Amino acid sequence: MTDPIADYLTRLRNAIQANHRIVEIPASNVKKEITKVLMDKGFIRNYKFEDDGVQGKIRIALKYNAQTKESAIVHLERVSKPGLRKYAQADALPRVLNGLGIAILSTSKGVISNKEAQGLNVGGEVLCYVY
């Protein structure tokens, strides 16, 4: 697999499309940090890291609206790819959906959202957009 983060986003996107409540994804440290950011910003209901000896799994409980049955995540977009990396400086961080969405960045302070990066005044690699 050449791009594990794109695989992570695709598995989430497919589970949302099929209205699944839980999705299992092979674990890595970056995927765990992205999952924590999604939980902190309210895009997923819950998550659990399971260690099965080899690689481990991330079980993510997706969040849906009770009345409309729509997912909290409307759009997932991979920005920085292995063939073309995208970086943003601290003074030029991306705004997603005019501030309603988030950009997830990999910075020297860890994997954080664009709003946290703005507060810490750090830039980094723009991994994905979520709204």
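Eight salt bridges were found in a search of the whole structure, a salt bridge being a side-chain nitrogen of Lys or Arg within 4 Å of a carboxyl oxygen of Asp or Glu. Side chains of opposite charge can pair when their charged atoms come close. The structure is a predicted model, in which local features need pLDDT of at least 70 and side-chain atom pairs count only at pLDDT 80 or more, while totals for chains, interfaces and linings use all residues. Residues are numbered from 1 along each chain as its sequence is written, and side-chain values use heavy atoms, with hydrogens and water left out.

One of the salt bridges pairs the side chains of glutamate 33 and lysine 36, at an N to O distance of 3.5 Å. Both residues belong to helix α2 (residues 29-40), where a spacing of three residues corresponds to about one turn of the helix. Helices (H or I, at least four residues) and strands (E, at least two) are DSSP runs, numbered from the N terminus. Glutamate 33 is partly exposed, at 29% relative accessibility, and lysine 36 is likewise partly exposed, at 32%. Accessibility is classed as buried under 20% relative accessible area, exposed over 50%, and partly exposed in between (1.4 Å probe, protein chains only).

A salt bridge between lysine 41 and glutamate 116 has its closest N and O atoms 3.7 Å apart. This pair links distant parts of the chain, 75 residues apart: lysine 41 is in the loop between α2 and β2 (44-50), and glutamate 116 is in helix α3 (residues 114-120). Lysine 41 has a relative accessible area of 33% and is therefore partly exposed. Glutamate 116, with a relative accessible area of 31%, is also partly exposed.

Glutamate 50 forms a salt bridge with arginine 59, again with 3.7 Å between the closest N and O atoms. Salt bridges with shared partners join Glu24, Glu50, Lys57 and Arg59 into one network.

Glutamate 125 is located in strand β8 (residues 124-130). Its relative accessibility is 13%, so glutamate 125 counts as buried. The side chain of glutamate 125 makes a polar contact of 2.6 Å with the side chain of serine 80. Another polar contact, of 3.0 Å, joins the side chains of glutamate 125 and arginine 85. A polar contact is a pair of N or O atoms within 3.5 Å; within protein, one must be able to donate a hydrogen and the other to accept it, and residues adjacent in sequence count only if both atoms are side-chain atoms. When residues up to four places away in sequence are not counted, glutamate 125 touches Ser80, Arg85, Lys86, Tyr87, Ile104, Leu105 and Ser106, contact meaning heavy atoms within 4.5 Å.

Backbone phi values were also examined. Most residues other than glycine have a negative phi. Asparagine 19, which is not a glycine, has a positive phi near 60°. Asparagine 19 lies in the loop between α1 (4-17) and β1 (22-26), and is exposed, with a relative accessible area of 51%. Asparagine 98 has a positive phi as well, of about 55°. Asparagine 98 is placed in the loop between β5 (87-88) and β6 (102-107), and at 64% relative accessibility asparagine 98 counts as exposed.
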